[in-house]
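Here is a set of questions and answers to work through with the sequence and the coordinates side by side.

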Amino acid sequence: HFATHYGTAILPARVRHPRDKAKVETAVQIIDAVREKVGKPAGLNRVSFARANTGPPVGKPVSLGVRARTYEEILRAAEELKKLLAGIKGVTDIADSYLPGKDEVRVRVDASEAAAAGLSVATIGTTVRAAYEGLVATTIRELDEEIDVRVSLADRERTNASSLEDLLVANSMGNLVPLSSVSSIQVGRGVSFYDHENNQRQVKVTAEVNTDVTSAIEANNVVRKLLPELQKKFPGVSIAFGGEDEDTTESFNSLFRAFGIAIIGIFLALVLTFKSLLQPLVILLTIPLGVIAVIWAFFLHGLPLSFMGMLGIIALAGVIVNNAVVLVDFVNQRRKEGLKGQESIVNAAETRLRPIFLTTVTTVIGILPTAYGLGGRDDFVVPIAMALGWGLAFGSILTAFVFPATLAILDDFSGFIGRKFPRISSLY
């Protein structure tokens with residue numbers, strides 16, 4: 001994106017498909033190459049490069065809202081913040097959202113002088129507006145048409161800022177008071193647009209991140225460590241994190257809520273199925289086994305446990321409990337047939353080991369090609385497929401070893417509770 005004071009030009013680039021024989025470059029490599037070749041052409045205020053993000057999360061990798069009462073404070077702090085970001089390895093295309101506007105004439109009213117002259121700020125403002133924009137004095141009606149008669153200063157006086165000093169304002173007693181005696185007239189540059197957040201003026205400082213060097217999370221964490229020094233230097237300024245950082249926080253909070261709701265839903269369904277409280281709790285213990293398998297799988301593949309990976313864990317929670325559900329159901333059936341204790345557990349495990357193994361293998365074989373891009377790769381769904389495939393594979397193996405032992409421990413615990421508290425022994 002080539003951003004100037006007047007707008008943004010978007011230059012699309014074509015990336016060669018991985019199946020092509022020529023060398024394949026990542027988006028980051030292409031951006032670095034273009035940045036080096038383009039440089040900063042004459043006539044442009046700023047040249048920035050951005051990579052399209054399919055999300056989640058969305059937004060700029062680094063987006064910091066600098067907030068204070070005045071733009072003087074904000075801009076000084078924003079410049080200092082940009083210097084800090086420039087010192088972080090992997091952070092590029094640092095910019096801010098402040099755009100100066102046109103030159104303007106400001107009339108600052110002296111409240112005490114105006115009150116002494118019998119004038120109010122509203123009266124002065126109305127007079128200045130009428131002089132330069134014009135005021136509708138009357139309306140002339142011609143047949144079905146109404147024509148407004150607008151009274152204002154002559155064109156040659158409206159284009160001259162010094163005319164303001166000679167402008168006369170009528171006070172409450174009908175006297176004419178020169179505007180220059182109750183106000184000061186200043187010429188300055190305005191602001192193109194005002195950005196407010198939480199009732200404070202704000203300028204956003206944004207930056208891109210080279211993911212081959214660092215990540216958005218790491219860059220934002222470095223900024224957090226440097227913020228205390230910045231806020232000591234600018235005590236009236238506050239810094240708010242936005243962009244990917246804010247979206248990531250909101251997404252993970254929503255994800256954890258969804259995970260909690262999923263666990264509760266699975267537990268209630270199991271309670272209604274088995275008419276027990278302890279057996280569903282034991283079945284839910286298989287979920288941490290699957291999570292452990294996912295963490296190891298991502299670690300061995302050198303991948304971060306991203307938002308989509310966490311989404312895969314939620315999907316895994318509803319799948320990995322199936323083996324435990326089948327096993328518990330067979331244990332209950334064997335005990336109805338007369339088998340007791342460990343004998344029923346061993347018999348159920350022997351009977352269901354082959355079906356559990358086959359269903360797990362067929363599911364994993366169906367998922368893992370997507371994780372490794374066999375036949376076509378989509379980086380967006382790779383973390384989900386990786387979490388489901390390897391989480392189910394190793395989670396099922398852990399379940400086969402751990403779950404029968406857990407059922408045996410539950411029998412011992414249930415027997416102890418039954419002896420000490422006979423009334424609640426029906427929980428199992």
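Q: With which residue does Glu 146 form a salt bridge?
A: In this predicted model, the closest N and O atoms of the pair are 2.4 Å apart, which is inside the 4 Å limit used for a salt bridge. Glu 146 counts as partly exposed, because its relative accessibility is 47%. Its partner counts as exposed, at 58% relative accessibility, and that partner is Arg 141.

Q: How far apart in the chain are Glu 80 and Lys 233, which form a salt bridge?
A: The closest N and O atoms of Glu 80 and Lys 233 are 3.4 Å apart. The pair links distant parts of the chain, with Glu 80 placed in helix α2 (residues 71–86) and Lys 233 in helix α6.

Q: How many salt bridges does the structure hold?
A: Besides the pair of Glu 80 and Lys 233, there is a network of salt bridges that links Glu 79, Lys 82 and Asp 96. Over the structure, the number of salt bridges is eight.

Q: Which residue follows α7 and has a positive phi?
A: Helix α7 spans residues 243–274 and reaches 46 Å from its first C-alpha to its last, close to the 46 Å expected at 1.5 Å a residue. Its buried residues, among them Leu 255, Ile 266 and Phe 274, pack against β3, α6, β13, α8 and α10. After the helix comes a residue with a phi near 55°, namely Lys 275.

Q: About how much space lies in the largest cavity?
A: The structure holds one cavity of 30 Å³ or more. Its lining, which includes Tyr 71, Phe 193 and Asp 195, divides into five nonpolar residues, two polar and one charged. The space in this largest cavity is about 30 Å³.

Notes. Residues numbered from 1 in each chain as written. Predicted model: local features only at pLDDT ≥ 70, side-chain atom pairs only at ≥ 80, totals over all residues. Heavy atoms only, no water. 1 Å grid on protein atoms, 1.4 Å probe; cavity = no way out; pocket = protein on both sides within 12 Å on 5 of 7 lines; lining within 4 Å. Points joined across faces, edges and corners; volume = space filled by probe spheres on them. Nonpolar A, V, L, I, M, F, W, Y, C, P; charged D, E, K, R; others polar. Helix = DSSP H or I, 4+ residues; strand = E, 2+ residues; numbered from the N terminus. Expected span 1.5 Å × (residues − 1). Buried < 20%, exposed > 50% of the residue type's maximum accessible area, 1.4 Å probe, protein only. Contact = heavy atoms within 4.5 Å. Salt bridge = Lys/Arg side-chain N within 4 Å of Asp/Glu carboxyl O.
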